[in-house]
Amino acid sequence: MKVGILNTMVIILCMATAVLKAHTDANDANNLLIADANNVLNKLDTGFIKDGKLDLDAVIEYVEDMYRSKSSISQMTLIVTKPRQTREVAMKVWTKGKEKALIVIESPAREKGTATLKVEKNLWNYLPRIKRTIRIPPSMMLASWMGSDFTNDDLVREASYTQDYAYKLTGWSNDPNGWLVSFNAKPDVVGLWKRWELVVSANGRIPLVARYYDRKNRLSRTMRWSNVRQFNGRQLPAKMEMVPEDKEGHKTELVYDEIDFDVNVPESTFSLSRLERKR
Amino acid sequence: MPATTLQIAWRNLGRNTKRTALAILAITVGQFALLATDGLMRGYADNIRRAITGPMIGDVQVHAAGWRQERAIDLVIEDTKNVITQIQADLSVMNAAARIYAPVLFAPEKDAFVAMVVGLQSEIESHEWGLLSGMTEPLQKGKVLIGHRLARKTGAKVGQEIAVVGQTADGSLANDLYVIQDIIKCPVDIVNQSGVVMSLDDAQQLLCMPNAAHEIVVRTNQSGQAKQLCERLRKIKGLTEAEILTWQQLVPELVVVLDMSDWVGYFVVVIVCIAALAGIANTLVMSTFERMHEFGMLLALGSRPRRIVGMIVYEAILTGLLGVAAGTLLGYLFVWVTSGTGIDMASWGGSEGEVADMAYRGLNLPLHIYPRLEISDTLIGLVAIMATSLIGSVWPAWIAGRLEPMEAMRA
């Protein structure tokens, strides 16, 4: 049903852009085309536009739960690039709500079966080679997760951005084009980021860039979303790319291969016994 | 004339024994303070130098270029065995030891703790001033040594099986189980705080870095020649691109501390000289004023002012010499008594034996100091105080030299 609506929207969009194209000067045709296409898209997709204004709360809530929904099962590939090496890890991820997630590595063979369980603010790692489960200490929350540029804290705190930060719509961004939303850490929150900013598409449905600033207000890392495609009826960026500013030649890409939303994920999936189950 | 003058000057010192004794005491205390401070500062500097060139840093260190800045696990010195053999071929090299460092999680039970794997060659590091100095039992395969502070924090016990989880040089997950062989107290604080010490072979296997290491620590038997050794090591095949540094280049701030300890010695010399100057000048001026009548008589009887000036200068020199001799004797006695047992500076701060050292950048700087003196320390004191004595005699000598016999006799 949703796919059908989207197809219709795309056809109308094409027609509208074709009409517009006929009226534009040949020299700035491309620029106008993009700007007007955004306008048309906004008019068509009014989900987050109320009375001509962006419904910021709805946008943030949507972006936060974008890959998750009430529950999900996804297949993804983590590509970690460092100056002297690149590594690919295939993973399967189960989520339920904001607080529960299980990530199991499927390849490379050497790490197959290694699993990370997140329940609320706790993280456990299961290591099949030594058949041990260890709990990640709070002091390691800012350390790298699986050798990537994501931190353990990114896994645990992802759900609490709206609780830990005060956000507001700052204006329109030109790099890239989209709405600029600023998040400032609440005074009583102890965390890595003093502030961060998010650029979302004109219709508020697609995050484009997030820039994270440290306690000294220096740009620390940049996350970019790209390759928007259909996942189980939702238009989502398939690729997230994290680039740390202080590590030259480092980046981490997370590519969603498949996502099934609102599927039945039993509560027992997120138990320590399931974590240690032989896969 | 000088011999008679010297004899008279010597007798004059005994005319007011209390005042002379006080002046000599002031100089004695000064010279003693100078030697005691020099002894302590030399002992302290020795501690720092030994801590640097001993367990942690050695005289020269070799790393892959950029490792010290990045601490990246995959920035390694390749073909370590061959490189070490070539380093040891240098006649000035006492030993060369490879080390591996990697941040890991250390889990005695379910809860994990932040720790650091230190892979090393225990047969070399158990020698004097090695990282495992004094260790008698060799580190066994599959076993680890745990820093005592880490063991206390995590509740780890000898014989317990622990999990070590980290990242390998190729970026994949490193994880293995080890048995705790012993809990160690090491001269390097960072090892006590977070060290999981294992054999180089075990660390290479855990972190997928065969025949590679992050660091080679070189100890030389010609410590003043570290720079020249660096130049020679740079010519070794496999080290042409490596970063090879002397301990002075690795911890320049500690070199400043060492230089500072020399300056403290000079500062004490200045203080002592000021005290001696005041004491000698005071004694001689008082003595001069007291003997105005006598000087007038001597001048009236035909003594030349130069002889009276000479007498006063001799008195100053004799006072200085006696004070320096007594102070030197006491200073050497103090250093001799304390050099055997050492002085526990921590207990002076009221730590009651709980604190034995202080840590700086992972180095333990022992607070138990063994004072030591060099001949130059005594000579500096001798020259400085004799010069001070002469300067101190200028004023009274100047007064005595300008005396009119009649006026002096009326005084």
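**A tour of chains A and B**

Start by selecting B:Cys208, which is partly exposed, with 17 other C-beta atoms within 10 Å. The model is a predicted one. B:Cys208 sits in the loop between helix 8 (200-206) and strand 8 (215-220) of chain B. Check its backbone: phi is near 50 degrees, a positive value in a residue other than glycine. Most residues other than glycine have a negative phi.

Next, select A:Asn227, in strand 13 (residues 219-231) of chain A. Here, too, phi is positive in a residue other than glycine, near 55 degrees. Is A:Asn227 buried or exposed? A:Asn227 counts as exposed because it has 12 C-beta neighbours inside 10 Å, and the cut-off for exposed is 12 or fewer.

Now turn to two peptide bonds. Most peptide bonds are trans. Select A:Ser107 and A:Pro108: the bond from the serine to the proline is cis, with omega near 10 degrees. A:Pro108 lies in the loop between strand 5 (100-107) and strand 6 (115-119) of chain A. Then select A:Asp175 and A:Pro176, whose peptide bond is also cis, with omega near -5 degrees. A:Pro176 belongs to the loop between strand 9 (165-174) and strand 10 (177-185) of chain A.

Finally, show both chains. In all, 22 residues of chain A are in contact with 18 residues of chain B. On the chain A side, colour strand 3 (71-82), strand 4 (85-96), strand 7 (122-127) and strand 8 (132-135), each of which supplies at least two of the residues touching chain B. Which strand of chain A gives the most? Strand 8 does, with four residues. Coloured by class, this side of chain A shows eight nonpolar, six polar and eight charged residues.

Notes
Residues are numbered from 1 along each chain as its sequence is written. Chains are lettered from A and ligands numbered from 1 in the order in which they are written. This is a predicted model: local features need pLDDT of at least 70, side-chain atom pairs count only at pLDDT 80 or more; totals for chains, interfaces and linings use all residues. Two residues are in contact if their C-beta atoms, placed from the backbone, lie within 7 Å. Ala, Val, Leu, Ile, Met, Phe, Trp, Tyr, Cys and Pro count as nonpolar, Asp, Glu, Lys and Arg as charged, and the others, Gly among them, as polar. A residue is buried if 20 or more other C-beta atoms lie within 10 Å of its own, exposed if 12 or fewer, and partly exposed in between; C-beta atoms are placed from the backbone.
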